[in-house]
Amino acid sequence: MNKKNTEYLINRKDNQYEVVIGLEVHAQVLSESKLFSSSSTKFGAEPNTQVSLVDAAFPGMLPVINEFCIKQAIKTGIGLNAKINKRSVFDRKNYFYADLPQGYQISQFKDPIVGEGKVILDMPNGQKEVGIERLHLEQDAGKSIHDLDPQNTFVDLNRSGVALMEIVSKPDLRSPDEVNAYIKKLRSIMRYLGTCDGNMQEGSLRADVNVSVRPKGSKEFGTRCEIKNVNSIKFMQMAIEYEANRQVDLIEEGKTIDQETRLFDTKKNETRSMRSKEDAHDYRYFPDPDLLPLEVSEKFIEELKNDIPELPDDKKKRFIEEFKLSPYEANILVSDIDIAKYFEEVVTKMGKNKDIKLAVNWITGELFAILNSKGLEISQSPVSAKNFAILINLIKNGTISGKIAKNVFELMIDGDKDPQKIVEEKGLKQQSDPKALEALIDKIINENREKAIEYKQGKEKLFGFFVGQAMKASGGKANPQLINEILKKKL
Amino acid sequence: MSDITKQSLTELVENIKNKKLSSTDVTKAFIQRSEKSSELNAYITDDFAPALDKAKKFDQNPNLDLKLPGIPMAVKDLFCTKNVKTTAGSKILNNFVPTYESTVTENIWNEGAILLGKLNCDEFAMGSSNETSHFGNVQNPIDKNLVPGGSSGGSASAVAGQLTPITIGTDTGGSIRQPASFTGIVGLKPTYGSCSRYGIVAFASSLDQAGPMAQNVKDCALLQEVISTYDSKDSTSINFKRNHYSKELTKNIKGKKIGIPKEYRVDGMPKEIEDLWQKGIQYVKDCGAETIDISLPHTSYALPTYYIVAPAEASSNLARYDGVKYGYRAKGENLIDMYEKTRSEGFGAEVQRRIMIGTYVLSSGYYDAYYLKAQKVRKLIKNDFDEAYKKVDAILTPSTPSSAFKIGEKTNDPVSMYLNDIFTVPVNLAGLPGISIPAGHDTKGYPLGLQIIGKAFDEQNILNIAFAMEEKINFKNKITDWWIK
């Protein structure tokens, strides 16, 4: 396997294979209550404490659609540049399982709420468009817990009935890197919209991955395998790599690939057959007679459209135009809504005479480094945007040097301290008084007469020596720019 | 008063309001008669002691402004009743006690009525003779070893036998109207969406409707007025302007156009049914209404359509009875084994038959040929009615193709059993209201009913027609108390 330029291909002897990937992403709708009941959706509650009679499928209980979840799905559809279907239908997907109390999952089969759309990925070699096939709403199931008792299975219905959006991509993805970019983009869009928190650890975002391979240049798709329920991007990438190579090996050996559902074993880093096509469930989908078809008006959709915030693609464009950022910088800043928010707050707080470039460098440099080392999200940043902006301004207006600023930043982390105060208390203010600096430099030149003469005779390297001496004499506080200017004049 | 149980609901309400009777008097009378009537097997669960307590409590501070002040009544065991066992006639729910109340029964208690107990019915309302109940068949008060019809057989038997002044049933394909016809009482299936389905054990969600069963049309109208409310807990509940059915009840139906559908003249229909129908036509004419021959061309497809749609929905609705959460659970080696044993032991033969039919018609490869086609035919059947209602205000048909039959007579012949619903099923498929009123007797002296089908939400109109006809028919039910020793 090698990465030739940007193409992800699998090589065997004389053959090159392309990998075709489609994703079914299950994104939990950000909502206080469930899709068809008023139970809470809060994560981490005691088992079976967030279960209504509807969620537990008691006799005679009926689902009532949660309008908020509908709005969330439509907003997501708008964010995916997708067609919103004014009429959609909830179907029953019938199968038996202990954590599926109704004996069916309410989902949308033939008529989803959102139709075709697209997502733009920023790849190193340019933009890539990924088609969205559809987005539909469905209920989550409960959780079966098999390891609490040797004889019995325990069932926790807290998740039962929680609203999920299943976002189905077209088979447009071609590499694990694109999958990474796609998931991150989806997550970013939904977090901007506030329709899914994108928390993969808590299972708010997980995916079924469809993988097939075909000889490079071939137009036809190979037989695909579906890898079920992968809950991290890293595992998705590992699963794809393993699965694609497995399929290529089969082809190379002259064998055929069976269309099947597979599981990814994260410990062994391999996929395993779960069930073949023949064993696939017959879900006996049919429209849920307890729910009327869902009809939304143009006005309803328009109102939601007006409610859509600036999304990553637009924000990026604006950052480039308004702040003269490079596309690379803009990408980093818009990738996550909280980073973008932080950045924009810093920009606002810096006031009129601001140095945006400097702020960007400090955010992506010092701030990200500290967040990384502490394992924090930017929303948990120990330095507020306000104090961060003050720090950048202190550098910009020459109060402190960049070097001193790093020390100040270190001190700010502990309790989000005001950098202005730190500078004052510690006396770190930069010496920018030309007269004082001139006196200081005169003294140094006097003390190093011989070196000054050598410099004048052409030993230019010695300039650095004088700068160093001046900085040392000022305790690092001298304005380096001024020192340079004065030295040049005096020497 | 020894004849308390012979009184109609209207009379009882009047006597309680005039303080001629107390709720305790009335409740006691119905409890006593119910206790003497165990041979009818109308009850699955009685709630007599609490009922009497409630009656006494009512009498201490009677609220006589209520529509059903202190009136005792038993209800079909398909309605979930808080803290009172609710079985749906099935072994699989034989230990199920809901912690909640159905909207329809809640409405009834809110108007002052008192629960006497839970009435027998076909298992999950699947049957036309009450013989599929896990709790045994129900006797028809008309004659020994005669079925009361189904699935609301216990309800019909209890009203006809005067064990309860009124009751509620549910009607998916005729389960109120057919037993009403078999026992000589009045039964109304309201428009789909009129009464909330919340808290009613589901059989076929797109067809199920609760409705009143009573000794006369006026009682029926009053109870309909109580149970029909818009309910946000049922997404198929419809928010329309509901009449004060009992107050607005009138015998004046002059000028009403009544359709007589030729397709209901089915092959092999007994002459006495045809004669009854003709008599009915004469009655409506006597009332000043006009009859018009109409056609409902897709009528013959109604029964096969129904026996695809209803089992399909049932197969899914009944999936929740899996032994995991509540109800009966059999021991199994593993999950699948537990499911199989629980459901084989917990469901009776008819329920299993319908689950299998339903599963089959929804299976991939058969869905289009059966379920989808049935849905299309259902639309055609509804269109038939829509067309007819351009010309007429209501439609008059027999309620059933025969009078009540003997217990065991049809248990081995499901198709012949299903044919019982031939006149009632189209009404459910079209979501329309239909009322069955007793209109005569056959040669054996068994009651026969006529059905009036209305436009959607036009319950008032068919109640009025029934009310007018009731006076002309002057039906007397022949109840001999044969079961009381």
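The legends below describe close-up views of a predicted model. Local features need pLDDT of at least 70 and side-chain atom pairs count only at pLDDT 80 or more, while totals for chains, interfaces and linings use all residues. Residues are numbered from 1 along each chain as its sequence is written, and chains are lettered from A and ligands numbered from 1 in the order in which they are written.

**View 1. The largest nonpolar core.** This core has 249 residues. A nonpolar core is a set of buried Ala, Val, Leu, Ile, Met, Phe, Trp, Tyr and Cys residues joined through C-beta atoms within 7 Å. A residue is buried if 20 or more other C-beta atoms lie within 10 Å of its own, exposed if 12 or fewer, and partly exposed in between, with C-beta atoms placed from the backbone. Ala73(A), Tyr182(A), Val209(A) and Ala466(B) have the most contacts inside the core. Helix α2 (residues 176-193) of chain A gives the largest share, 9 residues; helices are DSSP runs (H or I, at least four residues), numbered from the N terminus.

**View 2. Surroundings of Val209(A).** Neighbours within four places in sequence aside, Val209(A) is in contact with Ile21(A), Leu23(A), Ile227(A), Val230(A), Met236(A), Ala239(A) and Ile240(A). Contact requires C-beta atoms, placed from the backbone, to lie within 7 Å.

**View 3. Helices α9(B) and α11(B).** The axes of α9 (residues 302-317) and α11 (residues 349-362) of chain B come within 7 Å and cross at roughly 100 degrees. That makes α9(B) roughly perpendicular (65 to 115 degrees) to α11(B). Axes are lines fitted to C-alpha atoms over the stretch in contact, with angles running from 0 to 180 degrees between N-to-C directions. Residues making the contact include Tyr307(B) and Ile308(B) of α9(B) and Arg354(B) and Ile355(B) of α11(B). By class, the contact has 9 nonpolar, 3 polar and 1 charged residues. Ala, Val, Leu, Ile, Met, Phe, Trp, Tyr, Cys and Pro count as nonpolar, Asp, Glu, Lys and Arg as charged, and the others, Gly among them, as polar.

**View 4. Helix α7(B).** In α7 (residues 217-227) of chain B, 11 of the 11 residues are buried, so the helix is largely enclosed by the rest of the structure. Among them are Lys218(B), Asp219(B) and Glu225(B).

**View 5. Contact of chains A and B.** Here 25 residues of chain A are in contact with 33 residues of chain B. The chain A side has 17 nonpolar, 4 polar and 4 charged residues.

Note on methods: Helices (H or I, at least four residues) and strands (E, at least two) are DSSP runs, numbered from the N terminus. Two residues are in contact if their C-beta atoms, placed from the backbone, lie within 7 Å. Angles under 35 degrees count as roughly parallel, over 145 as roughly antiparallel, 65 to 115 as roughly perpendicular and the rest as oblique.
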